[in-house]
Amino acid sequence: MEEALVRAKIPRDLVKVLGVESQIKSKAEAFTQAFLKNSIQQRTRHNLKSMLTHKAVILGYSRPKKDKSKRTRKRAKGLNARQKRAMKIFQIKPEHQRYELFLPLHELWRQYITDLCGGLKPTGSPQFVQQKLLKADFHGAIITVVRSKCPSYVGTTGILVQEFKHVFKIITKEDKLKVIPKRNSVFAVEINGFVSHIYGSKFEQRASERSAKKFKVRGTIDL
């Protein structure tokens, strides 16, 4: 728009209708400058700081995209009991059922149980040793069946090669694998001259479960 049109005088026939009068040039120029200044005023740094201090400013935010590849990952499922039996995972092959093959395991067990029981010194407390043996791992121990409701089990001696919830599997000096039920059986374990008896009916847990169990001191009913 041209400057002349902006500052043009109001026609006389409109002065009475609008009720206004034309201003002198200096006043008109001052009004125009003030009007334009208010209309196209740019925000100064002070005004911007004031806006950020006293007003809530919504900032743009976008959520990170989820990695779809992680959703597709699934944990590998372990084998169930039926699958393990079908694959014969816990079965010892006949060619491996030899007493001499498990003698190194027995030596490792002797070192393990000696360290666990604090050296098995003659001055040691039997109660302390018994508490340690309750939660110990017996794989590799030489155990003997001293009492059982089944007379054919009594006297069986060998290295414990597998322990399950209800049975012990031992390998004898005759290279025979024997399965001895824990229930109604008493086993003897000899460690550096110290003989401990295990009541199988109180040991009907897996080795991993027994290590975390709290045993209570109770009387044991003999067979």
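**Entry 1. A first residue**

Where is Thr 156 found? I located Thr 156 in the loop between β1 and β2. The model I consulted is predicted, so I noted that local features need pLDDT of at least 70, that side-chain atom pairs count only at pLDDT 80 or more, and that totals for chains, interfaces and linings use all residues. Residues are numbered from 1 along each chain as its sequence is written, and side-chain values use heavy atoms, with hydrogens and water left out.

Contact here means heavy atoms within 4.5 Å.

**Entry 2. The chain as a whole**

I recorded 9 helices and 6 strands in the chain. These are DSSP runs numbered from the N terminus, H or I with at least four residues for helices and E with at least two for strands. The chain has 223 residues, of which 22% count as buried. Among contacts with a separation of 6 or more, 47% are between residues 24 or more positions apart.

**Entry 3. Helix α7**

I turned to helix α7, residues 103-116, which has 14 residues. From first C-alpha to last, α7 reaches 20 Å, close to the 20 Å expected at 1.5 Å a residue; the expected span is 1.5 Å times one less than the number of residues.

Which residues of α7 are buried? I found His 106, Trp 109, Ile 113 and Thr 114. They lie on the same side of α7 because they cover an arc of only 130 degrees around the axis, the arc being that of the directions from the helix axis to the C-beta atoms. Pro 104, Leu 108 and Asp 115 are exposed on the other side of α7. I noted that the cover over the buried residues of α7 includes α8 (126-134), β1 (142-148), β2 (157-163) and β5 (185-191). After α7 comes Gly 118, with a positive phi near 70 degrees.

**Entry 4. Aromatic pairs**

How many aromatic pairs does a search of the whole structure find? I recorded 3. Rings of Phe, Tyr and Trp (its six-membered ring) pair if their centres lie within 6.5 Å; planes under 30 degrees apart count as stacked, over 60 as edge-to-face and the rest as tilted.

The pair of Trp 109 and Phe 138 is tilted, because the ring centres are 6.1 Å apart and the planes are at 35 degrees. This pair links distant parts of the chain, with Trp 109 in helix α7 and Phe 138 in the loop between α8 and β1, 29 residues apart. Trp 109 is buried at 2% relative accessibility, and Phe 138 is buried with a relative accessible area of 2%.

The pair of Phe 168 and Phe 187 is edge-to-face, because the ring centres are 5.0 Å apart and the planes are at 80 degrees. I placed Phe 168 in strand β3 (residues 167-171) and Phe 187 in strand β5, 19 residues apart. Phe 168 is buried at 2% relative accessibility, and Phe 187 is buried at 1%. I also noted one aromatic cluster formed by Trp 109, Phe 138 and Phe 203.

**Entry 5. Cysteines**

I searched the whole structure for disulfides, meaning pairs of cysteine sulfur atoms within 2.5 Å, and found 0. Cys 117 is buried at 4% relative accessibility, whereas Cys 150 is partly exposed with a relative accessible area of 29%.

**Entry 6. Two further residues**

I found Gln 162 in strand β2, buried with a relative accessible area of 14%. Leaving aside neighbours within four places in sequence, Gln 162 is in contact with Phe 90, Ile 92, His 139, Val 167, Phe 168 and Lys 169.

Ala 207 lies in helix α9, residues 207-211, and counts as buried at 18% relative accessibility. Ala 207 and Lys 165 are 42 residues apart in sequence, and I noted a C-alpha to C-alpha distance of 7.8 Å.

Technical notes: Buried < 20%, exposed > 50% of the residue type's maximum accessible area, 1.4 Å probe, protein only.
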